[in-house]
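Please keep the sequence and the structure in view while reading.

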Amino acid sequence: MPSVSLDSERFRRRFDTFNKIGATERGGVNRPSLSDENKAARDTLVEWFREAGLEVRIDTMGNIFGRRDGTDSDAAPVLFGSHIDSQYNGGRYDGVIGVLGGLEVIEAFNDAGVTTERPLEVVAWSNEEGVRFQPDMLGSGVYCDIFDLDYAYEREDKESRRFGDELERIGYKGETPCEADDIHCYFEMHVEQGPFLEQQDIPVAAVEGVFGFSWLNVTFEGQANHAGPTPMDMRHDAFVATADVTRAVRRITATEGTDLVGTVGSVDVWPNAINVIPETVEFTLDFRSYDDAVVDAAVEQIREEVAHAAEREGLEYEIEEIMRVDADPFDQGCIDTVVEAAETVGCEYTRLVSGAGHDANYLNKIAPTSMIFVPSVDGISHRESEFTEWDDIVTGTEVLLNAVQTKAAE
């Protein structure tokens, strides 16, 4: 078989061109799901898919697929990709390298004149980040029958705009049903979003699984009153209770499991005025671990902390688990394929478990799956200063190419 190799300069040009879409002044991108900038990114990707000779299809969730036929057109395809939506003022690498790296793999086969036995498909999943429409991983979730299509269409952003309406507005409510096809396997290349690879000076990780997590939404209801005349012993301050719970998150994560992490990530305060005691606070909690029992124990403890904080301040409260995903070990055969691909490339590698959720979580439920991680400088992600060395991205994409080539011959 002829040698198949990447064109790193072409790949870099595409990466730089793509990240002019929604570019921020501080070097990041702002392309939240179904925004005008997200539409422009989708349009560009579809154009590039077609230029590479791919058959493009868009499903009813706006997931974008580019297919390259194999010698056995009836064989289940090797699927690989990631996402192109971003956090608000997020980084340029998160998700994007997996999609554009997938396209570069296709281009490498084109350049070499190689037709694989199995078809190859590159995918860009809708609404992976979940920053505008919750929950996250919505496009892959519907595709894998985790969520109902109508449920997804009814998700609203903070301006009460529905996912289904916005998908139609930007022209990406496709006609292909959003349902799983027969897939031979799935690979996703992604930045690590943590510090381990850089600290160990290792360019690639074969990802063995993903942390389980619980997302909670908590609301405290107290009483607004004047910040001056109201004595401290007569206050019902919703923000004081929120602060107590936030401290409890740190205490729980320090004692309940070596890999347990917890975050208070979103806080809305009403009336949010300098001279008014906060009456209502709504906030989110995020607990993660590779041990589901550890997550469950943390959730139970935080429920007790919320109840105690409300009682101390004389508040009403509500707590709702808005998402729960179990820890997810990946397919051993796909993990081994990534390891063998790294050895073929000749790069140093390790094995990691991901603390972040990915579309691969859901694909793993319907097809053999694994991921490839490349380093995040300083462990930074989900902000504009996110950075990965280009040589590491190329190395990770070479591993992806070799893994895809191996699986496409099975």
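In which order do the 4 strands of the open sheet lie? The model is predicted, and in it the order of this open sheet is β8-β9-β7-β10, with antiparallel pairing.

**The open sheet**

- Strands β8 and β10 (316–325) are the edge strands, each pairing on one side only.
- On average, neighbouring strands of the sheet are turned by 15° against each other, with direction ignored.
- Strands of a sheet pair through backbone hydrogen bonds, in either a parallel or an antiparallel manner.
- Strand β7 (residues 212–221) runs antiparallel to β9 and is joined to it by 10 bridges.
- Within this pairing, Trp 215 stands opposite Asp 286 in β9, and Val 218 stands opposite Phe 283 in β9.
- Strand β8 (residues 261–270) also pairs with β9 in the antiparallel sense, over 8 bridges; here Trp 270 stands opposite Thr 280 in β9.
- Strand β9 (residues 280–289) is mostly covered, as 9 of its 10 residues are buried.

**Helices α8 and α9**

- How do the axes of α8 and α9 cross? The axes of helix α8 (residues 238–255) and helix α9 (residues 292–313) come within 9 Å and cross at roughly 150°.
- Because of this angle, α8 is roughly antiparallel to α9.
- The crossing of α8 and α9 is right-handed.
- On the α8 side, the residues in contact are Val 240, Ala 241, Asp 244, Val 245, Ala 248, Val 249, Arg 251 and Ile 252.
- On the α9 side, the residues in contact are Ala 298, Gln 301, Ile 302, Glu 305, Val 306, Ala 309, Arg 312 and Glu 313.
- Sorted by class, the contact of α8 with α9 has 10 nonpolar, 1 polar and 5 charged residues.
- Glu 305, which is placed in helix α9, touches Val 245, Ala 248, Arg 251 and Ile 252, when residues up to four places away in sequence are not counted.
- Glu 305 and Thr 246 are 59 residues apart in sequence, and their C-alpha atoms are 9.6 Å apart in space.

**How the helices meet the sheet**

- Is strand β2 enclosed or exposed? In strand β2 (residues 64–68), 5 of the 5 residues are buried, so the strand is largely enclosed by the rest of the structure.
- In a regular strand, side chains alternate between the two faces of the sheet.
- Both faces of β2 are covered: Ile 64, Gly 66 and Arg 68 are buried on one side, and Phe 65 and Arg 67 are buried on the other.
- Strand β1 (residues 55–58) pairs with β2 in the antiparallel sense over 4 bridges, and the bridge partner of Ile 58 in β2 is Ile 64.
- β1 and β2 form a hairpin with 5 residues between them, and Gly 62 in the turn has a positive phi of about 80°.
- β2 also pairs with β4 in the antiparallel sense, over 5 bridges; Phe 65 stands opposite Val 123 in β4.

**Backbone features in loops**

- Most residues other than glycine have a negative phi, and most peptide bonds are trans.
- A cis peptide bond joins Gln 134 and Pro 135, with omega about 5°; Pro 135 is placed in the loop between β4 (120–125) and α4 (138–143).
- The peptide bond from Trp 270 to Pro 271 is also cis, with omega near 5°, and Pro 271 lies in the loop between β8 and β9.
- Asn 89 is not a glycine, yet its phi is positive, at about 50°; Asn 89 is found in the loop between β3 (78–83) and α3 (96–112).
- Asn 127, another residue other than glycine, has a positive phi near 55° and is placed in the loop between β4 and α4.
- Asn 89 is partly exposed, with a relative accessible area of 39%, whereas Asn 127 counts as buried at 1% relative accessibility.

Technical notes. Residues are numbered from 1 along each chain as its sequence is written. This is a predicted model: local features need pLDDT of at least 70, side-chain atom pairs count only at pLDDT 80 or more; totals for chains, interfaces and linings use all residues. Side-chain values use heavy atoms; hydrogens and water are left out. Axes are lines fitted to C-alpha atoms, for helices over the stretch in contact, and angles run from 0 to 180 degrees between N-to-C directions. Helices (H or I, at least four residues) and strands (E, at least two) are DSSP runs, numbered from the N terminus. Angles under 35 degrees count as roughly parallel, over 145 as roughly antiparallel, 65 to 115 as roughly perpendicular and the rest as oblique. A crossing is left-handed if the near helix is turned anticlockwise from the far one by less than a right angle, and right-handed if clockwise. Contact means heavy atoms within 4.5 Å. Ala, Val, Leu, Ile, Met, Phe, Trp, Tyr, Cys and Pro count as nonpolar, Asp, Glu, Lys and Arg as charged, and the others, Gly among them, as polar. Buried means under 20% relative accessible area, exposed over 50%, partly exposed in between (1.4 Å probe, protein chains only). Two strands pair if DSSP finds at least two bridges between them.
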